[in-house]
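I am opening a notebook on a structure that is new to me. I want to set down, entry by entry, what I looked up.

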Amino acid sequence: MNKDKIFKLAKGFRGRAKNCIRIARERVEKALQYSYRDRRTKKRDMRSLWIERINAGTRLHGVNYGNFMHGLVKENIQLNRKVLSELSMHEPYSFKALVDISRTAFPGNKVPKKEGLSNLI
Amino acid sequence: MATRRCLASLSRRHLRSLLTSPTFFNSPQTLVPQYLDLPILNSPSISSVATQGFQFFQSGSLRCFSSPPRKSSGDENSEEEEVYDDDDDDDDDEEEEEGEWEEDDDDVHTAKVSGQSGKTEAEKEKEAAEIGYKVIGPLDLSSENPFKPFEPVFAVVQIGSHQFKVSNGDSIFTERLKFCDVNDKLILNRVLMLGSKTQTIVGRPILPDATVHAVVEEHALDAKVIIFKKKRRKNYRRTKGHRQELTKLRITNIQGIDKSENIAVAA
């Protein structure tokens with residue numbers, strides 16, 4: 001019956017929302033609405049997570065994310081961000097190869113030379 | 001796809017340890033000569049820069065670097081015209097055939113009028129299959145065992161619009177692949193990158209000589225997602241269930257890269 005389905009979906013809810021049908025029905029409907037919306041935002045979130053990870057990986061080698069992606073585009077390398085983030089985590093040497101390819105293709109911003117006391121840092 | 005793919009990536013490491021003993025199949029003899037034909041493409045300028053860039057790793061690193069220059073294939077640009085560049089018409093041809101799929105009746109039925117219906121000849125089916133970047137090899141019997149122990153080599157392969165970083169013995173979930181049954185051997189020919197302990201080969205965009213062999217493990221449905229739409233205070237509520245069709249592939253072999261783990265001594 002519908003009530004049983006609602007209670008099955010309401011497992012783990014807080015307080016009376018898992019036991020009482022009137023409250024559970026409301027919370028389950030809200031939960032389903034959230035899951036509909038979040039199936040779409042999940043794709044956005046994952047992509048921004050991948051970009052964060054690629055950024056972190058490339059900055060270890062002195063290149064930022066924007067210049068790195070520009071270099072890859074120039075070289076017609078069509079690896080997507082998901083795979084690039086996996087490489088930056090698990091295949092550091094291959095990722096360094098990609099960063100070098102990108103750097104030769106697009107040098108980007110040079111690091112400004114430090115002068116004086118900042119050389120000690 | 002979401003739930004199954006997450007489980008697949010988590011259990012990938014465990015599966016490698018389990019797949020130690022050979023069970024069914026052997027790699028067929030026709031594939032062995034291809035292994036010896038390493039990619040010949042060499043762009044001296046880029047590769048020399050790459051070797052210089054990596055020499056400072058040799059001191060304290062666990063990995064070994066071969067002295068032949070790193071083959072980042074820079075000659076891919078000229079060769080891309082003949083290979084499949086366009087991802088646009090990926091799924092167009094495949095979707096039209098869903099209602100009329102009958103593979104065995106090619107000889108019995110006359111050719112249908114509509115070009116992409118299910119009654120097309122085997123050649124057209126193979127064209128559609130190649131748009132999805134897979135080629136169906138012969139059916140596998142239980143006389144050969146294609147499952148080899150784990151090798152530390154990875155490949156980045158593209159199927160449809162999804163890219164996967166795969167290694168030997170991995171299982172991946174892709175969108176439902178047509179024209180293949182369970183226990184079919186596939187060749188994934190859109191390989192974007194290869195890597196091993198000693199080499200990294202980057203394609204621009206793909207590597208024409210690299211192949212990844214896979215076996216179809218199962219055609220499955222994803223977990224059910226409930227599509228629920230509601231407008232409040234307007235008495236509008238709709239519920240629908242959906243199960244995505246998936247194919248589970250088991251990667252058996254990666255070809256196109258030197259898999260030895262030793263440093264080749266520089267002359």
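The entries below go from a helix to a sheet and then to some points of the backbone.

**Ground rules.** I note that this is a predicted model, in which local features need pLDDT of at least 70 and side-chain atom pairs count only at pLDDT 80 or more, while totals for chains, interfaces and linings use all residues. Residues are numbered from 1 along each chain as its sequence is written, chains are lettered from A and ligands numbered from 1 in the order in which they are written, and side-chain values use heavy atoms, with hydrogens and water left out.

**Helix α2 of chain A.**

Among the buried residues of α2(A) are A:Ala24, A:Leu32 and A:Ile54 (buried is under 20% relative accessible area, exposed over 50%, partly exposed in between, with a 1.4 Å probe and protein chains only). Their cover includes α1, α3, α4 and α5 of chain A together with β9 and β10 of chain B (contact means heavy atoms within 4.5 Å).

**The sheet of chain B.** I then followed an open sheet of 4 strands, antiparallel in its pairing, with the order β3-β2-β6-β7 (two strands pair if DSSP finds at least two bridges between them). Its edge strands are β3 and β7, each of which pairs on one side only. β2(B) and β3(B) pair over 6 bridges, and B:Ile159 has B:His162 as its bridge partner in β3(B).

**Backbone points in chain B.** Which peptide bond is cis? I found that the bond from B:Arg204 to B:Pro205 is cis, with omega near -10°, and that B:Pro205 lies in the loop between β7 and β8. B:Asn183, in the loop between β4 and β5, has a positive phi of about 65° and is partly exposed at 37% relative accessibility. B:Asn235, in the loop between β9 and β10, has phi near 60° and is exposed, with a relative accessible area of 80%. I noted these points because most residues other than glycine have a negative phi, and most peptide bonds are trans.

Definitions and conventions:
Helices (H or I, at least four residues) and strands (E, at least two) are DSSP runs, numbered from the N terminus.
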